Amino acid sequence: MDAKQVTLRRTLTLFPLLLFGLAYMAPMIVFGTFGVEDQTTHGLATDAYILALIAMLFTAYSYGRMAKAYPVSGSAYTYVRKSMSSHLGFLIGWVTLLDYFFLPMVIWLIGGVYLSAEIPSVPAWVWIVLFILVTTVLNIIGIRISTNVNVTMMAFQFLVIAIFLVLSVQDVLRGMGSGTLVSSRPFVSNQFQFPLILAGAAIAGYSFLGFDAVTTMTEETIEPEKTVPRAIFLITLVGGIIFIIATYVTQLVYPDYTKFVNADSGASEIAMQIGGHLFTAIFTAGLILAQFSSGISAQSSAARLLYAMGRDSVLPKKFLDGSTNVFRLHI
């Protein structure tokens, strides 16, 4: 088969793209980083997420414009290569590729650490290898299967987030936290320092990672010029709203950022306070599935970036441009 004739099947619509981006973003990550975020901003994590959302919406709009102008796989690599120069595109491609390689490693490492803590008899490396094998198999089978798996795991994530918020509201109404659901405390306090909010916004930006990954699915999307820009903007907006609501309610439950026993696992302390051991176990399961679904999306994005770079002969074309059966399994 002529490599130039190889194309990807257009099967994705707005909803699957939205789920793909949100899965990569992993909305529950807001709880995983809350303790550090809260301490960094001196109890004003909500402000940091508002500032980060504003910046990310501008970035999402920019990605949308580029996706409309160049509706092909490759994301930032393709945009820089086509609009600036092939040399800069090569550098951006490698940087992006490293991001897509390292992020799954971090995701699987976090998941392994969580599970190893829950089941000490099983080493963390065993869970990491298992994560890699399962996510790889799902991506090899195809985008439809991995999308269906992500739908299930995203549904569970949203369920855990909803339960967390409901329990938090109950905790606040019982007077265990701030005592009121309407408060300016998460936004303004005598601890307010704008440099700290900026530092917190930099950390909050990590929670938004993944909204741009849907651009690697451009050649598998129906009407990509319209669908991809909308998906990018909606993913950023929906994720930002979830982060802001979650941090607002969580700060009402735990208004004193100095009382965390361990800021790195601050959300687990809050989960224990509002729901006891049972909800803490459910909450941990939600975090694990969030890392898992994010790993599927990250690995899928890396495969499509390799495809785009192989097609342009930036990487070995014989194996990565889709002309071989081996690589076609991944796309």
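**A look inside**

Modeller: Reading along the sequence, you get α-α-α-α-α-α-α-α-α-α-α-α-α. That is 13 helices and zero strands, where helices are DSSP runs of H or I with at least four residues, strands are E runs of at least two, and numbering starts from the N terminus. Bear in mind that this is a predicted model, where local features need pLDDT of at least 70, side-chain atom pairs count only at pLDDT 80 or more, and totals for chains, interfaces and linings use all residues. Residues are numbered from 1 along each chain as its sequence is written, and side-chain values use heavy atoms, leaving out hydrogens and water.

Who lines the largest cavity? Around it sit Y24, M25, A26, I29, L103, I107, Y206, S207, L209, Q291 and S294, each with an atom within 4 Å of a point. Three helices, α1 (14–25), α6 (86–118) and α11 (266–311), each give at least two residues to that lining. By type, the lining has eight nonpolar residues, three polar and no charged; Ala, Val, Leu, Ile, Met, Phe, Trp, Tyr, Cys and Pro count as nonpolar, Asp, Glu, Lys and Arg as charged, and the others, Gly among them, as polar.

Helix α11 turns up again in the largest nonpolar core. That core has 82 residues, with F31 and F283 touching the most other members, and α11 gives the most to it, with 17 residues. A core here is a set of buried Ala, Val, Leu, Ile, Met, Phe, Trp, Tyr and Cys residues joined through side-chain atoms within 4.5 Å, and buried means under 20% relative accessible area with a 1.4 Å probe, protein chains only. Leaving aside residues up to four places away in sequence, F31 touches I161, F164, A246, T250, A267 and F283, with a contact meaning heavy atoms within 4.5 Å.

Stepping back, 51% of the chain's 331 residues count as buried. Of the contacts between residues at least 6 apart in sequence, 79% join residues at least 24 apart.

Definitions and conventions. On a 1 Å grid over the protein atoms alone, a cavity is a set of points where a 1.4 Å probe fits but cannot get out, and a pocket is an open set with protein on both sides within 12 Å along at least five of seven lines; lining residues have an atom within 4 Å of a point. Buried means under 20% relative accessible area, exposed over 50%, partly exposed in between (1.4 Å probe, protein chains only).
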